[in-house]
Amino acid sequence: MLIKNGFLINPRTSISEITDIRTKDGIIQEIGHLDVKEGEEILDITGLTIAPGLIDTHVHFRDPGFTYKEDLHTGSLAAAKGGFTSVICMANTKPVVDNPETLRDILSRAKQEKIHIYQTGSVTMGLKGETLSDLAALAKAGASGFTDDGIPIMDASLCYLAMQEAARLSLPISLHEEDPAFISENGIHHGTASKLLGIGGSPAVAEDVMVARDCMLALHTGAHTVIQHISSGNSVALVRTAKALGANIHAEATPHHFTLTEEAVSVHGSLAKMNPPLRTEKDRMAIIEGLIDGTIDLIATDHAPHSVEEKAKEPMWTAPSGIIGLETSLGLGITSLVKPGYLTLSKLLEKMTANPANLYHLPGGSVEVNAPADFVIFCPEEQWTVEKFASKSSNSPFAGTSLYGKIHYTICNGEIVYSA
């Protein structure tokens, strides 16, 4: 395939220019002003932007065990529609990915899909926080990293040991930071939102104390440690301090945490309920500041599908937490970060391509000769309306929203896997 006349933005090499890209057998062969070869498939993308395929380091495809919400196939379709060519799935499936057999089963079935699906292993057996999984065996079987996402690791000494082992294996460890001792009802911020509902909710201190602990454990172990879905301004400051001290600390921001506040709960109900919860405007702006100065180096969706019936549970704070996010992530980033001038488009893409690829040792994340032919092709100035999800679920507060950044094509391994 010869892709003609695209405006290439490649954050890893700081290139922004109109160019052509030739691919063959799933690999980039040439980049430049190229002549058409006889019989070559041509994709003319004049007026469109082309960038490395997006990479999401935090998704839930619910497979195995909860495939009525999502499965590997529908998850891959949602990813492709959102411009993602690589995703990393969390380990809180049923059975839990705490053993090589379950891991190999997922990775084997993932090969049948048209995007790259990677899988984490759980830090602890059964996500119980009591006994470490055999992290070395999981790494050998192909785990891309380790996480008990959805559940915090409360035993500090066990978390310390896990970080030491992750560092020895040169793989990231990602942590869900909420101390349940401070939480009355999860998914709703302790503040305006909880008062309106007459509940205690979840205060920022529940996150802050865990982040403070794990920043120091990361500093002392040297492990590449990811603070997942950061929501508190204080936590952003803690990560900034830990980085300055020399810790290999990283942080994810989700699109919902940099676009919405706790006020969304009164508008969208359980569709605005997630762990950690949407917080205040001050927290939202602190997350944006963290994205601007590099404290937060990853944008990840925490794509969390649930059925309509589950999200309709009453009272609403008993409904499961989480929203789908793959199909809206790029649009929300452009609309909420690039358009207001907080980030350049290249900086936004860096947190969605090069940075996650570097951290997780993935082959994608850059448009260079001999790199995988994985691309997202979009128009940052074109508006589109969020509707008709490819995901099996539709639990999103952004349905009906108008966003910038319409995706026209997603290409993975040199094959068009989504076209508008």
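Which residue lies over the face of Tyr404? In this predicted model, local features need pLDDT of at least 70 and side-chain atom pairs count only at pLDDT 80 or more, whereas totals for chains, interfaces and linings use all residues. Residues are numbered from 1 along each chain as its sequence is written, and side-chain values use heavy atoms, with hydrogens and water left out. The residue over the face of Tyr404 is Lys339, at 4.5 Å from the ring centre; a charge sits over a ring if NZ of Lys or CZ of Arg is within 6 Å of the ring centre and within 35 degrees of the ring normal.

Ala253 belongs to strand β12, which spans residues 249-253, where strands (E, at least two residues) and helices (H or I, at least four) are DSSP runs numbered from the N terminus. With a relative accessible area of 0%, Ala253 is buried, a term that means under 20% relative accessible area with a 1.4 Å probe and protein chains only. Apart from its neighbours within four places in sequence, Ala253 is in contact (heavy atoms within 4.5 Å) with residues including Phe258, Ile287, Leu291 and Ala300. Glu40, by comparison, is 213 residues from Ala253 in sequence and 41 Å from Ala253 in space, C-alpha to C-alpha.

Glu350 is placed in helix α13, comprising residues 345-350. Leaving aside neighbours within four places in sequence, Glu350 is in contact with Pro11, Asn355 and Pro356.

Terms used:
Buried means under 20% relative accessible area, exposed over 50%, partly exposed in between (1.4 Å probe, protein chains only).
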